[in-house]
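Here is a short briefing to read with the model open in your viewer. Could you keep the sequence at hand as well?

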Amino acid sequence: MREPWVVGVSGASGTPYAAAVVRGLLDAGEPVDLVVSRAARLTILDETGRAFRDGHWAEDLAAWLGRDLGDADVRHWPAGDLAAGPSSGSYRVRGMAVVPASTAACAGIAIGLSKDLLQRAAEVNLKERRPVVVVPRETPVTRSHLEHLIALHDAGAVVLPASPGFYGAGAAASAQQLVDFVAGKVLDALGVPHTLFRRWSGELGTARS
């Protein structure tokens, strides 16, 4: 039986993190159900110059990821489709990552607003006690945002801020290395194997050798 990971992309800046997570899941042979919010489509367009359209999602996703999807197991659900599979707890999935997670998405999930499929799917995975990773990127944060993040933590989500590490490359790290570090931490939290960053070995400087 197919049990995908749901990846929800909200409207916060940081869509390269989402692309790296999706690529990592596909590289691991994992099926993916993708939900891209309306606001996220604007952010993808702004950050990449590429559109993301429901009617051409496979073509647009391939362009966004920079690869041919081939026989990758990917399914796209429109964000406005509240009758979609991931809106129900009886629809089998392994868990969900919301990356990047805007303050609005965090608030909506924390209070059970279910404004769109992204929020509803995250709420469903929390109530079903499946792994949920939420990746806030906006900074600085207000008290209300912190309260919503605490509520998500208490509900069982992993709150994983988009805070890249500089292990190995240090100040010379490329933007892609920093993106891959965060994406790798997301995959770690989901229990999905990857090679997106070199792990700490216990010895200084080994990553640069």
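Arginine 67 has a relative accessible area of 28% and is therefore partly exposed, a class that sits between buried (under 20%) and exposed (over 50%), taken with a 1.4 Å probe on protein chains only. Its side chain forms a salt bridge with aspartate 27, with 2.8 Å between the closest N and O atoms; a salt bridge here is a side-chain nitrogen of Lys or Arg within 4 Å of a carboxyl oxygen of Asp or Glu. This pair links distant parts of the chain, 40 residues apart: arginine 67 is in the loop between H3 and S3, and aspartate 27 is in helix H1. Aspartate 27 is exposed, because its relative accessible area is 55%.

This is a predicted model, in which local features need pLDDT of at least 70 and side-chain atom pairs count only at pLDDT 80 or more, while totals for chains, interfaces and linings use all residues. Residues are numbered from 1 along each chain as its sequence is written, and side-chain values use heavy atoms, with hydrogens and water left out.

**Other salt bridges**

- The structure holds 12 salt bridges.
- Aspartate 73 forms a salt bridge with arginine 2, and their closest N and O atoms are 2.9 Å apart.
- Aspartate 73 lies in the loop between H3 and S3 and arginine 2 in the segment before S1, so this pair ties together parts that are 71 residues apart in sequence.
- Aspartate 73 counts as partly exposed because its relative accessibility is 36%, and arginine 2 is partly exposed too, with a relative accessible area of 24%.
- Arg2, Asp33 and Asp73 are linked in a network of salt bridges.
- Glutamate 30 and arginine 94 meet through their side chains in a salt bridge of 2.8 Å, N to O.
- Glutamate 30 is in the loop between H1 and S2 and arginine 94 in the loop between S3 and S4, so the pair ties together parts 64 residues apart in sequence.
- Glutamate 30 counts as buried because its relative accessibility is 16%, whereas arginine 94, at 35%, counts as partly exposed.

**The sheet**

- Six strands form an open sheet with parallel pairing, in the order S3-S2-S1-S4-S5-S6; strands (E, at least two residues) and helices (H or I, at least four) are DSSP runs, numbered from the N terminus.
- Strand S3 (74-76) and strand S6 (158-159) stand at the edges with a single partner strand each, so one side of each has no neighbour in the sheet.
- Strand S4 (residues 95-101) pairs with strand S5 (residues 132-136) in the parallel sense over four bridges, where pairing needs at least two DSSP bridges between the strands.
- Alanine 97 stands opposite valine 133 in S5.

**Helices on the sheet**

- Helix H1 (residues 15-27) lies across strand S1 (5-9), strand S2 (32-36), S3 and S4, and runs at about 165° to S1.
- H3 lies across S1, S2 and S3, running at about 120° to S3.
- Contact means heavy atoms within 4.5 Å, and angles run from 0 to 180 degrees between N-to-C directions, with axes fitted to C-alpha atoms, for helices over the stretch in contact.
- Glutamate 59 is found in helix H3 (residues 57-65) and counts as exposed because its relative accessibility is 54%.

**Confidence**

- The protein averages a pLDDT of 96, and 98% of the residues score at least 70; pLDDT is the predictor's confidence in each residue, from 0 to 100.
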